Structure formats: structure tokens, C-alpha cells
Amino acid sequence: MGRDNPAAEEALNLLRSRLCDPNFIFKPLSDSPDSNYSKLKFLVSSSVTEACNNSILLLGPRGSGKISVLELVLNDLLSEYPETISVIKLNGLLHSDDNCALKEIARQLCVEHQLLFSKMASFDDNSQFMIEMLRECGLAHKTIIFVLDEFDLFAQGKQRLLYSLLDAMQSVTSQAVVIGVSCRLDADQLLEKRVRSRFSHRKLLFLPPSKEDLQRLLEHILSLPIDSNIPHDYAVEFNGKLKNILADGRFKEIINSFVDLDSTVKHLLRFLFRAVSYMNLESGFLSLENFKTALSNSQRQPKQECIKDCSVLELYILVCMKRLEVKEQTSYNFISVMKEYKSIHDSFQTPDYYSRNVCLRAFENLLQRELISFADNRGYSQSVEFRPVKLLISHVELHQGLKSYRSCPAILLKLVER
């Protein structure tokens with residue numbers, strides 16, 4: 001296949017578009033009745049159909065798919081009940097202030113129901129307006145769904161917004177659902193007693209996908225449809241080669257190595273996007289090498305790569321600082337580093353020994369490269385050699401950097417491995 005093969009380019013564009021579409025990504029994980037999608041949809045839809053109030057927390061690490069699954073559920077419910085659902089969305093990063101949050105709720109309610117919004121309304125006015133809208137919507141058998149992203153930020157301070165909202169939902173006439181989204185697993189424990197007593201305490205945990213789910217997800221994302229504009233024979237051959245890759249033990253090792261770094265779905269999608277981007281348009285197919293390259297790029301350590309551009313003297317200074325930390329010397333400066341440097345030279349009679357001025361210039365270079373930094377902002381009036389410093393590179397990064405350094409003195413590797 002030539003580089004201008006339209007089938008390969010079309011396949012690449014399709015895979016990239018899929019990886020940017022949360023609805024497509026999470027659809028296969030929504031089939032199971034035990035999935036968070038199914039559980040969340042059941043809770044919200046039953047609240048809508050049975051005209052009851054509810055509150056739910058979606059908890060899990062960033063990138064685990066909480067918002068994507070929630071959007072999938074809301075889109076489905078809005079298509080099923082277009083006349084009976086209103087969605088109000090807040091974000092704790094923008095609306096954690098109670099006044100700001102209630103004003104935003106009032107604004108969105110006004111937009112939703114084509115009412116005139118007053119920017120000058122007070123907290124009490126907006127609170128009363130929200131209560132009245134909850135009552136009116138309840139009487140009209142309409143449900144308001146409040147989505148509070150970064151929920152834990154709303155649980156700071158006096159929590160007036162949460163109390164006002166949950167207290168209003170205690171009314172028989174109101175009909176609402178509050179969905180909190182947070183990466184803090186203890187988000188419900190942040191609530192005050194008066195707020196907690198009004199909360200339903202329903203929680204859905206978003207965990208990393210199991211091995212079976214991961215396999216299903218990879219096939220779902222990377223397989224080409226055989227009934228599309230892409231040539232049938234090419235799609236069948238592409239899918240056959242993909243199945244061979246997914247079944248290969250080496251591929252499973254790559255995926256396991258990647259998942260060990262970060263097992264969230266968002267991180268996996270980034271990895272797949274890299275792998276797909278490396279697809280050879282000449283052959284027109286994905287290969288094991290594409291995934292190997294994506295893994296190596298994912299594991300790149302910028303600080304470790306900076307070591308390749310260091311001089312041998314700068315390597316000595318980094319190793320000296322690491323040795324001081326191993327000796328549990330909590331505070332040290334250039335003078336301390338030079339004492340350690342002299343100690344190494346005297347003990348091993350190394351040929352690499354430089355004057356103080358040359359060492360100081362190398363030390364300042366490391367500060368500019370941000371491989372080391374001053375320990376605090378105090379002591380501006382002091383000269384560089386007297387100010388406390390700290391390493392900004394880990395022991396593993398330093399060791400790997402020295403191993404990949406072409407002309408690294410053997411003594412430095414020995415000193416780091418001790």
C-alpha cells in the first residue's frame with residue numbers, strides 16, 4: 001500500500017475521532033447491569049419517573065470517566081424525557097462561593113425557563129427563587145438535576161449552598177436530583193451534620209477497568225467497522241492483524257507496564273492516541289512497534305534526559321548532593337557539596353578534580369537547568385554558595401540518567417548504586 005492510500009488515511013482519521021469521543025469510548029462499558037452507567041441511569045430515571053428527590057456522589061480519581069459516564073446518562077435521559085428534565089451544572093473551581101453558586105443556579109434556571117435574570121438579586125432572593133422554582137417544577141412533574149463538579153470544594157466553608165439546596169428538596173412538592181462529582185473518596189465526610197442528614201449517601205465508585213473490560217475496550221476502539229466507507233477487505237485484514245496483536249504476550253506486557261504507571265481510562269486513551277499516530281500509512285496497519293514506541297514516549301523523564309547534556313563535573317555535583325541526602329543531611333549548600341566532592345576525590349583518587357570557581361559555575365548551571373534549586377526563598381542577600389539547596393531529580397532518574405550517559409565515570413555509578 002502506498003502512502004497516499006485513502007483507506008489507511010480514513011482508518012487513521014476514524015480511530016483518532018473515536019479516541020476524542022467519550023460517548024463512543026464508554027458505550028461498551030454501559031452494557032452490563034453492574035456498570036456505573038446502568039446504576040446511575042437507574043437511580044436518576046427512577047427519580048424522574050417516580051417523582052422523588054435523590055442525591056448521589058460519583059467518586060474516583062481524575063480521568064476515571066466520572067463526567068463522561070454522567071454526560072452519557074444525561075444525554076440518554078434528555079432524549080427519553082425531553083420535556084420533564086432540566087440540568088443545572090456548577091463547578092467548584094468556579095462557583096465554590098455560596099453567593100456566586102446561587103446566582104449561577106438562578107441564571108441557568110432563568111435561561112432554561114425563559115425568565116428574566118436579575119444580576120442585582122441577593123443571596124436570599126436567589127435562594128427563595130430556587131425554592132419556588134423547585135416547587136413549580138415539582139407541581140408540573142419536572143425534575144431539576146443539579147450537577148456539582150468538584151463537589152468537595154462546595155463542602156468548604158459554611159456550606160450554605162448545599163444546605164439550602166438539600167433543605168429545599170425536603171419539600172413534598174419539590175422534585176430534584178443532586179449529583180456530586182469528586183476525586184476525593186471522603187467527600188461525604190466533609191459535610192456538616194445538618195447537610196449530611198439531608199443527603200441520601202448514595203455513592204458510585206469509579207475504579208480502573210478490569211482486564212476483561214480493558215480487552216473489550218481495546219477491541220471496541222481499535223477495530224474498524226466492516227460496513228462503512230472503508231473498503232471491506234481492508235477492514236477485515238486490519239481487524240485480523242489487530243486481533244493477533246491483542247493476543248500477543250508481548251503486547252500484554254506493554255499494556256501491563258503502561259497500566260502500572262496510571263490505570264485510568266483517560267491515561268489509556270492518551271496512550272492509544274500516541275500508538276495510533278505512529279501507524280505506518282505505507283503498510284496501512286497497526287503494529288506491535290507502534291505500541292512499544294508509545295510506551296517508551298509515555299515513560300520519558302524530562303529531568304533524566306537533561307542529564308545527557310550535563311558535564312562530568314555537573315554529574316559529580318549531583319551525585320554529591322544525592323550522597324548528602326542519603327546521609328540524612330537535611331540542609332546543605334555549595335560549601336557542603338564541595339566537602340563531599342573533596343571526600344570522594346581523596347577516597348578514590350579520581351582524576352576529575354576541578355577548582356572551586358569552576359565548580360561554582362557548574363553549580364550555577366545546574367540551578368539554571370532546574371535540576372537543583374534553592375531550598376527556600378530566604379537569603380537573597382547571601383551569595384549563591386551559602387544558600388541551602390535541594391535536588392529536583394529522584395534517585396531513580398539520576399541512576400538511569402548516569403547509565404545512559406556515554407562517558408560517565410564508573411565511580412559515579414558505583415557511588416549511586418550503593
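1. The structure is a predicted model, in which local features need pLDDT of at least 70 and side-chain atom pairs count only at pLDDT 80 or more, while totals for chains, interfaces and linings use all residues. Residues are numbered from 1 along each chain as its sequence is written, and side-chain values use heavy atoms, with hydrogens and water left out.

2. Five strands make up an open sheet in the order 2-3-4-1-5, with parallel pairing; strands here are DSSP runs of E with at least two residues, helices are runs of H or I with at least four residues, and both are numbered from the N terminus. Two strands are taken to pair if DSSP finds at least two bridges between them. At the edges lie strand 2 (85–91) and strand 5 (202–205), each of which pairs on one side only. Neighbouring strands of the sheet are turned against each other by 20° on average, direction ignored, where axes are lines fitted to C-alpha atoms, for helices over the stretch in contact, and angles run from 0 to 180 degrees between N-to-C directions.

3. Strand 1 is mostly covered, since six of its six residues are buried, a word that stands for under 20% relative accessible area, with exposed meaning over 50% and partly exposed in between (1.4 Å probe, protein chains only). In a regular strand the side chains alternate between the two faces of the sheet. Asn 54, Ile 56 and Leu 58 point one way from strand 1, whereas Ser 55, Leu 57 and Leu 59 point the other way, and all are buried.

4. The pairing of the strands can be followed bridge by bridge. Strand 1 runs parallel to strand 4 and is joined to it by six bridges, and Leu 59 has Ser 182 as its bridge partner in strand 4. With strand 5, strand 1 pairs in the parallel sense over four bridges, and here Leu 59 stands opposite Leu 205. Strand 3 (residues 143–149) and strand 4 (residues 176–182) also run parallel, joined by six bridges, and the partner of Phe 146 in strand 4 is Val 178.

5. Two helices that lie across the sheet deserve a look. Helix 3 (residues 36–49) lies across strand 1 (54–59), strand 2, strand 3, strand 4 and strand 5, and runs at about 165° to strand 1. Helix 6 lies across strand 2 and strand 3, running at about 150° to strand 2. Within helix 6 is Gln 108, which counts as buried at 14% relative accessibility. Apart from its neighbours within four places in sequence, Gln 108 is in contact with Val 87, Ile 88, Lys 89 and Leu 90, contact being heavy atoms within 4.5 Å.

6. Helix 17 (residues 312–326) has 15 residues, which at 1.5 Å a residue should span 21 Å, and its end C-alpha atoms are 21 Å apart, which agrees; the expected span is 1.5 Å times one less than the number of residues. Because 13 of the 15 residues of helix 17 are buried, this helix is largely enclosed by the rest of the structure. Just after helix 17, Glu 328 takes a positive phi of about 60°.

7. Aromatic rings of Phe, Tyr and Trp (its six-membered ring) pair if their centres lie within 6.5 Å, with planes under 30 degrees apart called stacked, over 60 edge-to-face and the rest tilted; by this rule there are nine aromatic pairs. In one of them, Phe 271 and Phe 291 have ring centres 6.3 Å apart and planes at 45°, so the pair is tilted. This pair links distant parts of the chain, with Phe 271 in helix 14 (residues 265–277) and Phe 291 in helix 15 (residues 288–298), 20 residues apart. Phe 271 is buried at a relative accessible area of 0%, and Phe 291 is buried at 1%.

8. Two residues in loops have a positive phi although neither is a glycine. Gln 114, with a phi of about 55°, is in the loop between helix 6 (98–112) and helix 7 (123–139) and is exposed at 76% relative accessibility. Gln 349, with a phi near 50°, lies in the loop between helix 18 (334–348) and helix 19 (356–369) and is exposed at 59%.
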